[in-house]
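Visitor: Please show me the model. I would like to ask about its cavities and its aromatic rings.

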Amino acid sequence: MNYSRFITAVSAARTASPIRLLTELMQRSPPSLISLAGGAPNPNTFPFKTASITIGDGTTVEIGEDLMKRALQYSASAGIPELLSWLKDLQKNLHNPPTVEYQPEKGQMELCVTTGSQEGLSKVFEMLINPGDTVLLDAPTYPGTLAALRPLGCNIVNVPSDQHGIIPKALKEVLSRWSPEDAKKPNSSLPKFLYTIPNGGNPTGASLTTDRKKDIYQLARQYDFLIIEDDPYYFLQFDKPWAPTFLSMDIDGRVIRTDSFSKILSSGLRIGFLTGPKPLIDRVILHIQVSTMHTSTFTQLMIAQLLQQWGQKGFLDHVDGVVDFYKKQRDVMLVAADKWLKGLADWHSPAAGMFLWMKIKGVSDTQELIMKKALEKQVLLVPGRAFNINSSNPSSYVRASFSLSSPSQIDQVSAVLLYLPACQLFGQICYHSASCHHCH
């Protein structure tokens, strides 16, 4: 891999902060070291002394005075050592990346902790995209991704997809406008990367099949582009075995993977992690040094203490419990949709994630339905146009999240928000009988 061709001039110009290097050197040094170098505040002046955090099973995570001093202090930009070590072992166990034993310059697997996966994703985009560069993604997609991409001035090319994610044949057709040899030409317009949410895609709920991933990876090799595997719902796959990841197939070192603890441990703690080839992850770390400096030491230590206490088995047991909860929520959503919306909307059962993506029949654009009619009835979903590359384009879809609402609320929303407006408020022909009390 020639990583230099992917990196922007701004990213290539980043150098290590000498103060950050001294901070990390001091943290690796024995207690006998006397340092007058750092500008760290004295932790004895901090008002917080200890913490005891109760876990759902009744056990506790204890942060004593010594550990609290460390938790409230600056730490390494890549992440605290014990959390990094635990996460690397997890990635090896779950994905067995081929690049683990590679030489660093050849794309050895590296990892860094980020303030939620969104920070990592945003920094990856800024590392890779110059104005005018071409990138590939399957829209509709996560609005946060679109908001991060648009200001960078890139040319976003949509790749057709269905309920099973990106269609490899369609991707091949999109790529046919270029030649694989274009990768060797300076200032080539060949796409730099493909971005995808492979499991429980936001908003569609689509999950890529293993065969499609293999075909997509081969096209990435043929045309020499990177794959950004944004996988916040990896741990919310409803059926086992879980699908193999792009990271598990990455023999070249061309996959950058984002993971998140937001959906399974806490969204407010803001802990995510990036895994990918060391030459690229190192660039992201340099960016972290001059922006956030590092993810909160306290939240990293709190999660590290919990994960070490649980071990991988305990962590995966917890994940199983979370999956069971969301699977039941999904099933409630599907029952409600089938009860109230049959004939009025189309949808596919999501295999992962938190969302049901519904196409409302006979409605060309759901914007008014959601932002006006729905609010009048005190319910809210997200109109489909929010997930389009061009958010002004109409969409007949809505995204329903089944993560927070109770079964009765999900049933109520399905009945009031979608069934009634589709029949009555928009003056559609009722798909039901003349005795339908919503319409007559």
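Visitor: How many nonpolar, polar and charged residues are in the lining of the second largest cavity?

Guide: This is a predicted model: local features need pLDDT of at least 70, side-chain atom pairs count only at pLDDT 80 or more, and totals for chains, interfaces and linings use all residues. Residues are numbered from 1 along each chain as its sequence is written, and side-chain values use heavy atoms, without hydrogens and water. A cavity is a set of points on a 1 Å grid over the protein atoms alone where a 1.4 Å probe fits but cannot get out, and lining residues have an atom within 4 Å of a point; Ala, Val, Leu, Ile, Met, Phe, Trp, Tyr, Cys and Pro count as nonpolar, Asp, Glu, Lys and Arg as charged, the others as polar. Pro43, Phe46, Phe48, Lys49, Glu65, Met68, Lys69 and Leu72 line the second largest cavity, which gives five nonpolar, no polar and three charged residues.

Visitor: What volume does the largest cavity have?

Guide: Two cavities reach 30 Å³ or more. Among the 14 residues lining the largest cavity, Asp138, Pro140, Ile197, Gly201 and Thr204 lie nearest its centre. A volume is the space filled by probe spheres set on the points, which are joined across faces, edges and corners. For the largest cavity that is about 110 Å³.

Visitor: Why is the pair of tyrosine 233 and phenylalanine 355 edge-to-face?

Guide: Rings of Phe, Tyr and Trp (its six-membered ring) pair if their centres lie within 6.5 Å; planes under 30 degrees apart are stacked, over 60 edge-to-face, the rest tilted. The count is 13 aromatic pairs. In this one the centres are 5.9 Å apart, and the pair is edge-to-face because the planes stand at 85 degrees.

Visitor: Is tyrosine 233 buried or exposed?

Guide: Buried means under 20% relative accessible area, exposed over 50%, partly exposed in between (1.4 Å probe, protein chains only). Tyrosine 233 has 4% relative accessibility, so it counts as buried.

Visitor: Which class does the pair of tryptophan 357 and tyrosine 397 fall in?

Guide: Tryptophan 357 is buried at 10% relative accessibility, whereas tyrosine 397 is partly exposed at 28%. Their centres lie 4.9 Å apart, with 5 degrees between the planes. The pair is stacked.

Visitor: The charged end of arginine 257 sits over which ring?

Guide: A charge sits over a ring if NZ of Lys or CZ of Arg is within 6 Å of the ring centre and within 35 degrees of the ring normal. The charged end of arginine 257 is 4.8 Å from the centre of the ring, that of tyrosine 234.

Technical notes:
1 Å grid on protein atoms, 1.4 Å probe; cavity = no way out; pocket = protein on both sides within 12 Å on 5 of 7 lines; lining within 4 Å.
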